[in-house]
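Me: Could you walk me through how to read a few features of a structure like this one?

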Amino acid sequence: MKLKKAINKLHLWLGLSSGLVVFIVAVTGCIYAFQAEIKELTYPFLFVEPQETAVLTPSEITTIAEKAFPEGHLHAILYPTKEKSVQAIFFSYGEGNDHYQIAYINPYSGEVLKLKDEYADFFRIVLDGHFYLWLPPEIGQPVVASFTLVFLFMVISGLILWWPKKKNLKQSLKVKWSARWRRKNYDLHQVLGFYVMTFALVFAITGLVWGFLWFRDTLYFVASGGEKFVEYYDPISDSTQNYQGEIPALDAVWVKMNVEYPNADWIEVHPPGFEGAAIAANSNPDASTYWKSDYRYFDQNTLEELPVEHFYNRFEEATVAQKIMRMNYDVHVGAIAGLPGKILAFFLSAIIASLPVTGFLIWWGRRNKAKKESEGEAKEKMVLPEA
């Protein structure tokens with residue numbers, strides 16, 4: 001009983017301290033759930049009229065894109081299905097040249113349909129709130145991660161506090177709608193908290209994978225049976241060789257990817273990130289998720305495929321632990337279960353956002369009740385006749 005009282009105290013005060021952060025993270029997650037679907041409905045520059053003619057090569061797209069945004073660092077060129085525009089992605093972070101721009105280009109005519117600042121995009125702003133609370137990343141990221149860890153404790157302690165005696169189990173699984181508002185609010189907090197508990201744990205754990213390196217490394221260590229997590233790295237090309245191909249190396253890799261993945265929902269090629277780096281390319285069979293993508297790397301001088309040890313590798317070569325890491329984002333947003341999963345994630349995020357609100361109202365109601373009772377006792381003492 002003393003342990004349960006201590007857990008109740010911790011649940012209360014940690015809940016009050018983390019409530020605002022949990023609310024913001026849950027609401028922004030709720031809004032972000034359908035960002036891809038909303039963009040396709042509201043961004044006309046994502047689409048083009050499909051044609052039977054050949055699309056422009058990556059080197060041709062590069063020339064067009066760099067004219068549109070000459071000060072940018074070209075990170076990748078993404079080719080979706082034939083009815084969509086090609087995306088030339090410019091990205092750089094640090095050294096006073098932070099930018100994230102996407103040039104949407106008609107792959108048949110070369111027309112730049114839109115040059116879009118992704119940092120100013122509504123859903124990017126929502127995502128910054130979800131990840132960083134709109135603070136500088138070096139401040140906001142550890143804050144969100146720390147409160148996510150607190151939230152993980154809140155979910156577990158909430159289950160302990162909810163756990164009913166056998167005779168009260170049925171009552172603990174439903175809201176008593178006929179009761180007064182305080183009882184309804186209490187039931188909403190307890191009952192809804194119980195029903196979303198499993199999913200809340202999944203959201204918290206997948207969020208903590210990004211939040212803390214030690215958490216990610218521990219999860220990978222357990223899932224792999226003792227292996228160390230390998231950070232992403234670009235393999236290095238053979239500097240003793242010179243490229244002898246008839247077409248640019250980037251185009252040659254793109255052609256190879258198109259031949260090997262004719263039914264891909266997208267193919268993306270990355271120019272070497274630095275001098276001597278390999279050319280990276282990836283193919284995704286299902287644009288609604290990321291985890292099944294094939295990530296490949298080619299020597300920019302010989303076009304020989306280069307192996308990697310991190311989890312951004314070929315899907316068929318990924319270990320179970322690496323596939324778990326790959327799934328993290330798709331599980332976190334519900335995309336792993338398709339559109340029904342996203343709908344579920346939307347409603348679950350909304351319920352999780354309500355828990356700090358109902359929890360605060362429980363505390364506020366008890367606080368006012370105790371205050372009124374204290375004032376009432378004081379008044380009674382004042383009117384008592386002397387003995």
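Reply: Start with the helix labels: helices (H or I, at least four residues) and strands (E, at least two) are DSSP runs, numbered from the N terminus. By that count, T148 is found in helix α5. Bear in mind that this is a predicted model, where local features need pLDDT of at least 70, side-chain atom pairs count only at pLDDT 80 or more, and totals for chains, interfaces and linings use all residues. Residues are numbered from 1 along each chain as its sequence is written, and side-chain values use heavy atoms, with hydrogens and water left out.

Me: Is T148 buried or exposed?

Reply: The cut-offs are in relative accessible area: buried means under 20%, exposed over 50%, and partly exposed in between (1.4 Å probe, protein chains only). T148 comes out at 16%, so it counts as buried. Others in α5 are buried too, including G140, V144, V150, F151, L161 and W162.

Me: Which residues does T148 touch?

Reply: Contact means heavy atoms within 4.5 Å. Not counting residues up to four places away in sequence, T148 touches A204 and L208. Both A204 and L208 are among the buried residues of α8, along with M197, F203 and V209. There's also a polar contact to look at, meaning a pair of N or O atoms within 3.5 Å; within protein, one must be able to donate a hydrogen and the other to accept it, and residues adjacent in sequence count only if both atoms are side-chain atoms. Here a polar atom of the T148 side chain lies 2.7 Å from the backbone oxygen of V144.

Me: What about pockets?

Reply: Rolling a probe the size of a water molecule over the atoms shows where empty space is left. On a 1 Å grid over the protein atoms alone, a cavity is a set of points where a 1.4 Å probe fits but cannot get out, while a pocket is an open set with protein on both sides within 12 Å along at least five of seven lines; lining residues have an atom within 4 Å of a point. Grid points are joined across faces, edges and corners, and a volume is the space filled by probe spheres set on the points. The second largest pocket here has a volume of about 1,300 Å³.

Me: Which residues lie nearest the centre of that second largest pocket?

Reply: Those are N8, H11, L161, H189 and Q190, out of 45 lining residues. Helices that each supply at least two lining residues include α1 (2-32), α5 (137-162), α7 (181-195) and α12 (338-383). α1 gives the most, with 11 residues.

Me: How does that lining split by class?

Reply: Ala, Val, Leu, Ile, Met, Phe, Trp, Tyr, Cys and Pro count as nonpolar, Asp, Glu, Lys and Arg as charged, and the others, Gly among them, as polar. The lining has 25 nonpolar, 13 polar and seven charged residues.

Me: Where does V196 sit?

Reply: V196 lies in the loop between α7 and α8. With a relative accessible area of 3%, V196 is buried. Leaving aside its neighbours within four places in sequence, V196 is in contact with L348, I351, I352 and L355.

Me: And what is A65 like?

Reply: A65 is buried, at 0% relative accessible area. It lies in helix α3 (residues 58-68). A65 touches A88, F90 and I105, again not counting residues up to four places away in sequence.
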